[in-house]
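Subject: Structure handover, pockets

Hello,

My notes on it come after the files.

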Amino acid sequence: MRLSRYFLPVLKETPAEAQIVSHRYMLRAGMIKQASAGIYSWLPLGFKVLRKLENIVHEEQVRAGHIPMLMPTLQSADLWRESGRYDGYGEEMLRMQDRHGRDMLFSPTAEEMFTDVFRSHVKSYKDLPLTLYQIQWKFRDEIRPRFGVMRGREFLMKDGYNFDQSKEDALHAYNRHLVSYLRTYERMGLQAIPMRADSGPIGGDYTHEFLVLAETGESEVFYDSEITDLKFGDREIDFDSVEQCQAVLEEFTSRYARTDETHDEAVFNALPEERRRVARGIEVGQIFYFGTQYSEALGATVQTPDGTSVPVHMGSHGIGVSRLLGAIIEASHDDKGIIWPEGVTPFHCGIVNLKQGDEAADGACEALYGSLTALGLEPLYDDRNERAGGKFATMDLIGLPWRITVGPRGLKNGVVELTCRRTGESEELPPEQAVAKVAEIYAGI
Ligand code: 5CA
């Protein structure tokens with residue numbers, strides 16, 4: 001993309017309403033624009049990152065054997081009356097009527113809708129196990145929407161629902177989600193720690209929240225410091241293997257890690273003092289096993305081999321996709337702007353032309369742009385007629401992990417400058433070598 005032809009409305013001033021760094025940078029980098037309280041327009045740069053996150057979530061869900069589909073955002077109240085949640089859900093549910101006076105609502109989650117599809121089409125244990133999921137907008141009329149996309153009213157969520165014949169099978173689905181989420185967050189450059197949590201209005205006894213440690217997090221968390229040394233890494237997992245998923249679950253959940261709702265001071269204090277950590281975290285996902293609560297209420301049953309009819313065991317599993325943008329920025333920035341992890345960056349590499357209009361500089365930039373593009377990478381070429389300082393400031397603000405700077409002086413010596421956004425380190429290289437190096441960095445991502 002050439003910046004002169006892109007739409008990147010960066011702001012010079014820090015918007016007064018933004019209280020935390022991710023919200024400030026998302027507004028300043030032209031990623032989002034508030035439409036009304038807790039509701040945002042996604043401008044091209046923000047939309048690009050959102051799509052990248054969605055892609056990672058899809059890839060990892062499919063890898064775990066889960067099946068994508070899409071539900072409507074507007075749902076009939078009748079289904080929610082059947083499950084008993086229509087009255088209980090409270091003010092967070094946005095309710096409305098259509099022209100015929102029928103009660104409708106904007107889905108805050110979709111247990112009912114998925115269970116309804118399931119009960120209409122699945123009758124036999126032979127069709128199990130089954131996990132369906134979607135990435136779809138949700139609406140919760142939060143009393144205090146704040147921190148930009150972090151606590152929105154409209155937000156993008158991946159929500160998945162497993163249907164299993166027994167509690168044992170459903171717990172495997174729970175473990176499988178936990179493993180798959182560890183992989184998903186690591187690909188986004190995040191460490192998200194599974195912590196024992198409270199199930200809230202979704203219900204059930206088994207639940208873990210995934211938390212990214214950050215001072216601006218809304219949840220208070222308590223954990224054993226050893227947990228932050230754990231990495232999922234590039235290990236291969238057979239998601240159908242009960243033993244393999246169980247082993248990962250035990251490794252990542254055996255140490256103390258809880259949100260304030262489930263915190264137990266006595267158990268925590270039994271840990272050696274130097275390992276006890278009290279911190280704040282951003283909840284980027286949550287998994288639940290709730291048994292037959294919804295299947296019994298809605299009559300989602302299957303025939304077992306001996307011909308009896310039993311309600312299926314279910315769980316639901318969510319990732320806050322739009323919230324993740326905020327969480328990643330909170331975890332990865334400096335005083336100049338965002339620092340995108342390579343796995344989610346909107347463009348792979350910036351190209352800064354120090355002297356637009358100079359024949360050699362323009363030619364070298366075009367050649368770099370062409371070579372990077374031919375390798376399947378997406379460069380952002382700042383080809384505007386602006387001062388170098390302004391170009392650097394924009395690149396630093398929008399946070400591309402790598403930048404190639406091209407100027408007439410370097411070109412006389414046959415070199416361009418390759419700079420790492422995270423460390424600030426630069427090296428001078430012939431243009432082909434800079435391209436090769438950027439390609440190598442992204443080869444494994
Ligand atoms: N049905 C279940 C799992 S699919 C469910 O709704 N779970 S949830 O309530 O925990 O939401 C899933 C994730 O959505 C949360 O972990 C959080 O990351 C994100 N989320 C929840 N509320 C908001 C909000 N107001 N703004 C942005 N993200 C949110």
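This is a predicted model: local features need pLDDT of at least 70, side-chain atom pairs count only at pLDDT 80 or more; totals for chains, interfaces and linings use all residues.

Largest pocket

The volume of the largest pocket comes to about 850 Å³. Its lining consists of 41 residues, and those nearest the centre are Arg140, Arg151, Glu283, Gln286 and Arg323. Sorted by class, the lining holds 13 charged, 15 polar and 13 nonpolar residues. At least two lining residues come from each of strand 8 (154-164), strand 13 (276-291) and strand 16 (313-320). Strand 13 contributes the most to this lining, at seven residues.

Second largest pocket

For the second largest pocket the volume is about 450 Å³. There are 22 lining residues here, with Ile56, Arg187, Glu342, Gly343 and Ile445 nearest the centre. The class breakdown of this lining is ten nonpolar, seven charged and five polar residues. Two helices, helix 2 (44-63) and helix 6 (167-187), each provide at least two of the lining residues. The largest share is that of helix 2, with four residues. Both domain 1 (7-338) and domain 2 (349-443) take part in the second largest pocket, each giving at least three residues to its lining.

Regards

Notes. Residues are numbered from 1 along each chain as its sequence is written. Side-chain values use heavy atoms; hydrogens and water are left out. On a 1 Å grid over the protein atoms alone, a cavity is a set of points where a 1.4 Å probe fits but cannot get out, and a pocket is an open set with protein on both sides within 12 Å along at least five of seven lines; lining residues have an atom within 4 Å of a point. Grid points are joined across faces, edges and corners, and a volume is the space filled by probe spheres set on the points. Ala, Val, Leu, Ile, Met, Phe, Trp, Tyr, Cys and Pro count as nonpolar, Asp, Glu, Lys and Arg as charged, and the others, Gly among them, as polar. Domain bounds come from an automatic or database domain assignment.
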